[in-house]
Amino acid sequence: MERRKVQVTGGSTFTVSIPKDWARDHDVEAGDEVGFHPDSGSLLLTPVSPTETEEGTLDISGMEGDELMRAVMTMYVSGFDVLALEADRITSDQRRVIRNATQGLVGLEVLEETGNRVVIQDLLDSSELSIHNAVRRMHLISTSMLGDAVDALGNRDLDVATDVIERDDDVDRLWYVVSRIFRGALRSPKVAQEIGLGRETAFDYHSSARQLERVADHAAKIANVTHELDADVPGEVADALADLEADATDIVGTAMEALFTDDPEEATKLANEARADVRAIDEHTRAIDDLLHDLDPHHAQHLGLVVDSLSRSADYGGNIAETALQKSAPTPDP
């Protein structure tokens, strides 16, 4: 860290010089503009570029299937506004994967398509995105998926189970949005300022969103079990699973309340309640395991996966509660 003295010019204006090496590394010359961004007690300095559009080019020669899909998603999360995908010849299979990836990500549209190049642009303005609303939406969808998945299991309702599996794509879409915003806030103080959150808070939301994405994955896993079962779930077991689901959902809900509240004392109280409830889940799961011992081994194995998914969902709620505790704790001065 370099130290520079603050000076007064004109009797009322504070000035401070910037390191010449830094200016050269960032192509800052006399007459150029720089931006100052307040951030949790600090003042961050950044160059102001003539264009704010981030463009990226990727050679997709030889890429196909999941590898190509992940490459497009990675560039999206990394914050590129324009993605140019190039190869000597882009195959029809590659185009199909690119279209599927574009449809699975919020805000992307194909702008240009030739034999050797596909250009995709993000049409969303980062200042219009709300990481808070995206995480809240993830919470509502993932917990509703969990409840519907257990209901579908008890009733052997394959239509509802299929709907739960399809809704997992909605949560994934929001997860990628949250990841994109979070990485943008880390990279650029301007983005952090636009979304109205400190970077530590953005990190807390991103961490919690990851837990919610996992809850949705387990809801989809339970829905898949419904498709695999070849017999009805005994009433006593179905009721016990519904109770366990309600407990897990309550833990996640309490943890999310703790995360979103601005009152540190209330956040600490709610987060500790959620963590205490997680510890009580173990006794609940053992009671259900005892019920499963009397069932056909194949049937019991499938239902055991459901118990595990619900228990893990409660654990993810506990992880969110831990994040809420850290968010509400006092922080040292920078």
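**Aromatic pairs and their surroundings**

Tyr205 and Phe260 are both buried, where buried means under 20% relative accessible area, exposed over 50% and partly exposed in between (1.4 Å probe, protein chains only). The model is predicted: local features need pLDDT of at least 70 and side-chain atom pairs count only at pLDDT 80 or more, while totals for chains, interfaces and linings use all residues. Residues are numbered from 1 along each chain as its sequence is written, and side-chain values use heavy atoms, with hydrogens and water left out.

The protein has 10 helices and eight strands; these are DSSP runs numbered from the N terminus, helices being H or I of at least four residues and strands E of at least two. Of its 334 residues, 43% are buried. The accessible surface is about 18,100 Å², and carbon and sulfur atoms hold 46% of that; such areas come from the Shrake-Rupley method with a 1.4 Å probe, and for residues only the protein chains shown count as cover.

Searching the whole structure gives two aromatic pairs. Rings of Phe, Tyr and Trp (its six-membered ring) pair if their centres lie within 6.5 Å; planes under 30 degrees apart count as stacked, over 60 as edge-to-face and the rest as tilted. Phe182 and Phe203 make a tilted pair, with 6.1 Å between centres and 50 degrees between planes. Phe182 belongs to helix α5 (residues 158-187) and Phe203 to helix α7 (residues 199-228), 21 residues apart. Phe182 is buried because its relative accessibility is 9%, whereas Phe203, at 45%, is partly exposed.

In the pair of Tyr205 and Phe260, the ring centres are 5.5 Å apart and the planes stand at 80 degrees, so this pair is edge-to-face. Tyr205 is in helix α7 and Phe260 in helix α8 (residues 235-260), so the pair ties together parts 55 residues apart in sequence.

Thr323, in helix α10 (residues 297-328), is buried because its relative accessible area is 8%. Beyond its neighbours within four places in sequence, Thr323 is in contact (heavy atoms within 4.5 Å) with Asp204, Ser207, Ser208 and Leu259. Across the protein, 73% of contacts between residues at least 6 apart in sequence join residues at least 24 apart.

Another ring, that of Tyr76, has the charged end of Arg180 over it, 4.9 Å from the ring centre. A charge sits over a ring if NZ of Lys or CZ of Arg is within 6 Å of the ring centre and within 35 degrees of the ring normal.
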